[in-house]
Amino acid sequence: MLVPAVVWFCLRLLASADVFMMTNSTSTLSLIFDHIGNEPFLYDELNAFVNDVRPDYKLVVYMTTDQPMKDDVWSYLSVEQGPEVLQQYSGGDGTRNLIAENKLLDLYQVFLDYDLYDQIDAGWLKGASNATNGHPFVVPISFSYWGMFYRKSVFRRYNLSPPHTWDEWMLCCEVLRRAGLRPIEMGNAALWPGVTWFDYFHMRINGPAAHQALLEGKTAWTDPSVVNTFREWIRIIDLGYASRNDIRNGGDVPDGVFQGTHGMGYAGGWVQYNAWALVDDLDYFPFPIYDTSLPVGENAPADGIAISARVRNRKAAMEVVGWLASKEASMRRTSAPFNPWGLPCNRYAKGNISNPLDQKALGILNRADHVFQVFDRDTPPEIFNLAYRVFQGILLDPLGADGIVPWLGQMEIMRQQVHFNVSNPPTVHASDTVGNGPVVVNLTTATQGATIYFTLDGSKPDDSSEPYTGPFTISTSGRVVLRAVTIRAGLKVSAIAEQVFDLRIGPQPTLVTVGSGIATTCILLSTAAIAIVVATMVAVWQYRREPIVKASSAPFNMLMMGGAVLALTTGIWMSFDVSLGMSLVVLDRSCMVQVWAISVGWAICFGALFAKTYRVMRLFDQIGDNRLQIKVMSSGDLAKIVACVAAVEALICAAWQVLDPLRIQAVALTDQTYAYMCRSQSTSAWIAISCVPKIVLSVIGVYQSIRTRNVADAFNESKRIAFAMYNTAFIGAGAFSIALGIQQASMAAIIREAGLLVTTLTTVISVVWYNFYVIVYRPDLNDTTNWNLKAANNRSSGGRPPVNPPLPQQQQQQQQVDGTGSTRINEVTLKRTTVARAAMS
């Protein structure tokens, strides 16, 4: 509330500094409107009226835009020096709440004094009146209309007439589609247009009475009538008559219609002013009729004028509101061809309308059996705010019509909560309901901020029952009846969720744990290994300017070790055990963390090794071909390779977590023992999928290492990288496979930890520590003057320099002529050596 209040004070200060300079004989009346573009009328006509009627008042008018007006109206009406007269919707749940909270002034006297009951149709007052005494709190001033806009020239080109029925509409769409146009523009990037489309789809298919019942919360959102509405909507999209790209990215103004790329677009009448140059070519028709036997409903949201309950100059404010609603003021607003205010609610001003589209709208609305505001005014904010996201989700869901019901389930949950003040019942997730072993149970609810209470003896749960804090185990033999409810302050208690378990468990099984000693040891070993790798990273950074370290691509060694650290954290997560006093909630959450840590850590670690070897192979392949122009892969290119490898692993992990996440479960090891393990419905399948990219990368990496095995160590680490990948493939995979087959938890933990430590530490030691060995014990190998590229690239001699290497025939001929062939070869070799050293650094 503070921010809008400060903004309001700044607006007053900037826009009307002269007000504070007036004499005591002058008072002010402040107004705020959200229609930018009405300043000439407001400032000229309204000021003229005030000067004639109340010359002792100074009128101050502020303009804002639609969304800030919606967001801040409560704050404007709550501050002491807020606006006294303001624009407000003539209807909708927002207005009803303002009336209920006594934020607006009762305008019954204004209607009597200015004879507004005779001038304004009672239908416009429905949502702007007190439910108890019927007194109006908003004076309806103007309303807008909605329709399907099109360009007359486009319809003439394809010999089309505006459709009246649904079948005629579909035929029109097919003609436009075959002509290469997108028939319907459905821009919904702002999300609010989608709910207005829904208004008409649901109204046309089911009738205005059914639509009214849905808006008032009397019909379930999962009702077949609502589901079928979306099925028809999606069918039109799937036929190619509308684009999901438009739904995702398109604006609320049908620019494609104006530009001729789309045939028609549903929008409010105000859009004609966005293409004023095309106004003579624009026309619209009402939303086509789906069932001619049903009454016809239309949308016509109205804007009105209200007075703050904190008004300081009540009499002047009432006079201004009365004049704005009068026939005289309404006729002045509607007489201009450019009229952003919309159509007048005053029945005696409608004869003054000159715009042909506005005149057509009056006829359509007069023939309508029922006139609504619009979805986000006729429903509570909790409903329409959720509808924005849900409707967009339904239209863009890759499952198409099959994805409708789950989305609408969210709307139904909110309907129960908003209209019936009822919490959503819990959902029971269990590993099994009939079996020979313990089961792990999870409880969830869609009601935010609520607590779930449950019983296991079939009794009725209440707030004195056991509160749910996380997954728990049922290990009692026989019939167990779980009953649970959701309770939240301010809401009614939910319906009872019930699940019956029929378990055949003999003697109480023994829980097999890793043991606190072994679990603690594994955690300490993983922590120590992480410390070793981090210390190695520090050493690499300290010696990063040494030639052998630069040639080894220090940044990628750092990246490789960062991945190793992440992978080593898996040893910590895997060692979490109930023997350490950890709850099932912690164990449950650690399941997928293990997968992410080992997969992404592995990808980063071996992606970096793969990239380093790939650069060596590419570089020396070119040198071996005696190319004068050598293209060196940049570190940026190699980083992209690592990013791609990590992205593949991340996608697999994300899919696993979304589709079939690992959860902690009680797994029977024997008839007498069980253990808590991370399991999903298809654990083996996901492990196999996860192994595929690792196997592919390992095979390619080993192949590259073999290709470059005879390149000298100064330029290449292929032998050590190959060793690292070999040991990971065999030792790591073997250790984890053996651990999976061992039922003794402590032994399995030891084997997993050993495999993890051996694979990560040997990789770091073999690839990185060799460089420290060279720096300390073999300074000759750290001297770039001793690096011989020709020997480095001689695959057939095992890295030894060749004796009198043969020259190509052309170079031999040149040597015979002038004796320069050898010199030229040495120059090329020197150049390639320089390139290689630069590349490796």
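Arg-178 and Glu-174 are four residues apart in helix α8, so about one helical turn separates them. Their side chains meet in a salt bridge, 2.8 Å from N to O. This is a predicted model, so please keep that in mind throughout. Arg-178 counts as exposed, at 70% relative accessibility, whereas Glu-174 is buried, with a relative accessible area of 16%. The pair also belongs to a network of salt bridges that links Glu-174, Arg-177 and Arg-178.

Let me stay in helix α8 for a moment. The helix covers residues 166-178, and Trp-166 and Trp-169 sit three residues apart in it, again separated by about one helical turn. These two form an aromatic pair. How are their rings arranged? The arrangement is edge-to-face, with 5.0 Å centre to centre and 85° between the planes. Trp-166 is buried, at a relative accessible area of 4%, and Trp-169 is buried too, at 0%. In total, the structure holds 38 aromatic pairs.

Back to charges. In general, side chains of opposite charge can pair when their charged atoms come close. The count for this model is twelve salt bridges. One of them joins Arg-151 to Asp-281, with the closest N and O atoms 2.9 Å apart. Where do these two residues lie? Arg-151 is in strand β5, residues 146-151, and Asp-281 is in the loop between β7 (262-268) and β8 (282-285). They are 130 residues apart, and the pair links distant parts of the chain. Both Arg-151 and Asp-281 are buried.

Another salt bridge forms between the side chains of Asp-238 and Arg-244, at 3.1 Å from N to O. Asp-238 is exposed, with a relative accessible area of 51%, while Arg-244 is partly exposed, at 24%.

The charged end of Lys-360 sits over the ring of Tyr-284, 5.4 Å from its centre. Arg-544 has its charged end over the ring of Trp-541, 4.0 Å from the centre.

Next, the cysteines. A disulfide is a covalent bond between the sulfur atoms of two cysteines. How many disulfides are there? The count is one. Cys-591 and Cys-678 form it, and their sulfur atoms are 2.0 Å apart. The link is left-handed, with -80° about the S-S bond. Cys-591 and Cys-678 are both buried.

The cut-off for a disulfide is 2.5 Å. Cys-173 is buried, at a relative accessible area of 0%. Cys-653 is buried as well, at 2%.

Last, a sheet. Strands of a sheet pair through backbone hydrogen bonds, either parallel or antiparallel. This model has an open sheet of six strands, in the order β2-β1-β3-β10-β4-β11, with mixed pairing. Which strands form the edges? They are β2 (57-63) and β11 (343-344), and each pairs on one side only. Strand β4, residues 139-143, runs antiparallel to β11, and two bridges join them. Across that pairing, Phe-143 stands opposite Leu-343 in β11.

Methods:
Residues are numbered from 1 along each chain as its sequence is written. This is a predicted model: local features need pLDDT of at least 70, side-chain atom pairs count only at pLDDT 80 or more; totals for chains, interfaces and linings use all residues. Side-chain values use heavy atoms; hydrogens and water are left out. Buried means under 20% relative accessible area, exposed over 50%, partly exposed in between (1.4 Å probe, protein chains only). Rings of Phe, Tyr and Trp (its six-membered ring) pair if their centres lie within 6.5 Å; planes under 30 degrees apart count as stacked, over 60 as edge-to-face and the rest as tilted. A charge sits over a ring if NZ of Lys or CZ of Arg is within 6 Å of the ring centre and within 35 degrees of the ring normal. Two strands pair if DSSP finds at least two bridges between them. A salt bridge is a side-chain nitrogen of Lys or Arg within 4 Å of a carboxyl oxygen of Asp or Glu.
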